[in-house]
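Colleague: Before we discuss this model, could you put it on the screen so that we can go through its packing step by step?

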Amino acid sequence: MSRFWKIVLLVVAVLVVAFIGMRMLGGGKPKGEAGKPAAAAGRGGGEERNAGPVPVTVVEAARQDVPVYASALGTVAAMNTVTVSPQVGGQLISLNFKEGQEVKKGDLLAQIDPRTLQASYDEAAAAKRQNQAQLATARSNFQRSNSPEYRQYVAKTDLDTQRNQVAQYESAVAANEASMRAAQVQLQYTRVTAPISGIAGIRAVDAGNVVSAGTALVTLTQIHPIHVVFNLPERQLPDVRQAQQAGPVTIAALDRNDSHVLTDGGRLDVVDNQISSDSGTFRARAVFDNADNLLWPGQFVNVRMQLRTIAGGVVIPTQAVMRGPDGEYVYIVKPDSTVAMQTVKSGVEVGDSNVQITEGLKGGERVVSEGQFRLKPGSKVTALKPGETPAPPTDAELKAAAQQQGGGGRRGGGPR
């Protein structure tokens with residue numbers, strides 16, 4: 001093949017490729033009736049179909065008293081914790097409690113062999129009786145020698161000696177009495193009793209062992225009443241102090257997991273006298289009667305302390321409040337069933353699903369709580385109650401929608 005025909009074939013191939021490309025780029029764009037693209041016509045038809053009222057959930061802003069709380073994570077602590085130890089040594093004869101049992105103050109917990117200390121007491125008692133007998137003899141001798149009929153026959157030195165002997169035996173008897181009291185105290189220590197009312201823990205020693213003074217037997221923890229210790233940010237200290245001055249501050253203890261109220265009968269007991277410079281918090285302590293034993297030492301709880309009450313606060317659902325570039329806002333439903341955007345300022349949380357509004361909203365105004373993402377100022381809405389669903393379309397509405405869809409298809413254009 002000559003060079004000329006090669007050039008001709010190359011030119012023809014280029015023209016064919018260019019023609020096919022133009023067909024692919026220009027032939028796939030159908031036009032509408034007025035020469036508009038089909039996508040534009042389809043959008044116009046969709047806007048016409050969505051021009052009806054938007055179904056939304058509407059609630060009225062309610063006025064109610066709003067409690068203001070301070071919340072923190074707290075730790076339950078026993079009011080008193082005592083490690084029971086004997087004050088004398090000896091063989092442990094018996095343990096008179098069950099582990100985990102609630103004991104009362106003065107209950108017998110353990111018994112130590114008392115025989116050695118009983119012997120010491122008996123010895124002191126015998127010595128006292130001996131000295132009492134000698135004291136009686138010395139008194140008789142002194143009284144007889146000091147009588148008028150015998151005084152002239154007794155030397156003065158002998159009389160002084162007898163007087164001093166009486167005083168000596170009186171001191172001996174007093175010393176014996178003190179020894180008896182000391183031995184009796186030691187003998188009483190062989191009965192180990194509960195110093196407080198509380199729950200007995202796991203015993204640290206078994207019966208039969210020889211114990212000494214200071215050996216730990218068991219730990220008692222007082223849980224009626226009981227303390228809860230928690231930390232709060234220093235910015236809340238003025239509010240806490242103000243609440244203290246106003247009267248008793250009530251506190252509730254909530255479960256750590258699901259915020260279920262365990263007990264709500266607590267009272268603020270004390271606020272610590274300094275703020276931690278490391279964490280910027282201050283420590284406070286609440287006291288609970290704990291009659292139902294719902295709080296246990298070492299348990300973690302959520303503490304909810306009521307600081308004050310806002311009278312007649314405006315309350316709406318939390319999801320009704322939207323956030324935009326200019327701050328928080330809500331959609332208000334007007335009497336003509338259109339919506340308007342209203343700037344608001346939220347305050348404290350009310351329960352788990354509501355919030356108090358401090359500015360921008362009045363009680364009784366209707367706000368959109370669900371479906372507001374489809375709205376814009378001036379949109380017409382169909383107001384629904386919470387939990388209510390839109391009514392199904394009527395036959396006439398379905399027929400009108402079908403006609404609109406059919407007309408939109410003809411306007412959109414297409415191959416005939």
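What follows is a short exchange on the cores, strand pairing and ring contacts of this predicted model.

Colleague: Which element gives the most residues to the largest nonpolar core?

Modeller: That core has 25 residues, and Phe230, Leu268 and Met305 touch the most other members. The elements that give two or more residues to the core include β2 (62-84), α6 (237-246), β11 (261-275) and β13 (300-317), as well as β9 (218-233). With five residues, the element that gives the most is β9.

Colleague: How many residues are in the other core, which lies apart from this one?

Modeller: Among the members of that other core are Val84, Phe97, Ala110 and Val192. The number of residues in this separate core is 19.

Colleague: Which residue stands opposite Val315 in β18?

Modeller: Strand β18 (residues 354-359) pairs with β13 in the antiparallel sense, and four bridges join the two. Within β18, the residue opposite Val315 is Gln356.

Colleague: In the hairpin of β17 and β18, which residue takes a positive phi?

Modeller: Strand β17 (residues 345-350) runs antiparallel to β18 and is joined to it by four bridges, with Ser346 standing opposite Ile357. The hairpin has three residues between its strands, and the positive phi, near 70°, belongs to Gly351.

Colleague: Is Ser369 buried or exposed?

Modeller: Ser369 has its place in strand β19 (residues 366-370), and, leaving aside residues up to four places away in sequence, it touches Thr57, Val58, Val59, Pro317, Gln319 and Ala320. Its relative accessible area is 4%, and because the cut-off for the buried class is under 20%, Ser369 counts as buried.

Colleague: What is the geometry of the pair formed by the rings of Tyr329 and Tyr331?

Modeller: The count of aromatic pairs comes to one, and both Tyr329 and Tyr331 are buried. The ring centres of Tyr329 and Tyr331 are 5.9 Å apart and their planes stand at 90°. Because planes over 60 degrees apart fall in that class, the pair of Tyr329 and Tyr331 is edge-to-face.

Colleague: Where does the charged end of Arg304 sit?

Modeller: Two arginines can be described in this way, one of them being Arg256, which lies over the face of Phe300 at 4.9 Å from the ring centre. As for Arg304, its charged end is 4.7 Å from the centre of a ring and sits over that ring, which belongs to Tyr69.

How values were computed: Residues are numbered from 1 along each chain as its sequence is written. This is a predicted model: local features need pLDDT of at least 70, side-chain atom pairs count only at pLDDT 80 or more; totals for chains, interfaces and linings use all residues. Side-chain values use heavy atoms; hydrogens and water are left out. A nonpolar core is a set of buried Ala, Val, Leu, Ile, Met, Phe, Trp, Tyr and Cys residues joined through side-chain atoms within 4.5 Å. Buried means under 20% relative accessible area, exposed over 50%, partly exposed in between (1.4 Å probe, protein chains only). Two strands pair if DSSP finds at least two bridges between them. Contact means heavy atoms within 4.5 Å. Rings of Phe, Tyr and Trp (its six-membered ring) pair if their centres lie within 6.5 Å; planes under 30 degrees apart count as stacked, over 60 as edge-to-face and the rest as tilted. A charge sits over a ring if NZ of Lys or CZ of Arg is within 6 Å of the ring centre and within 35 degrees of the ring normal.
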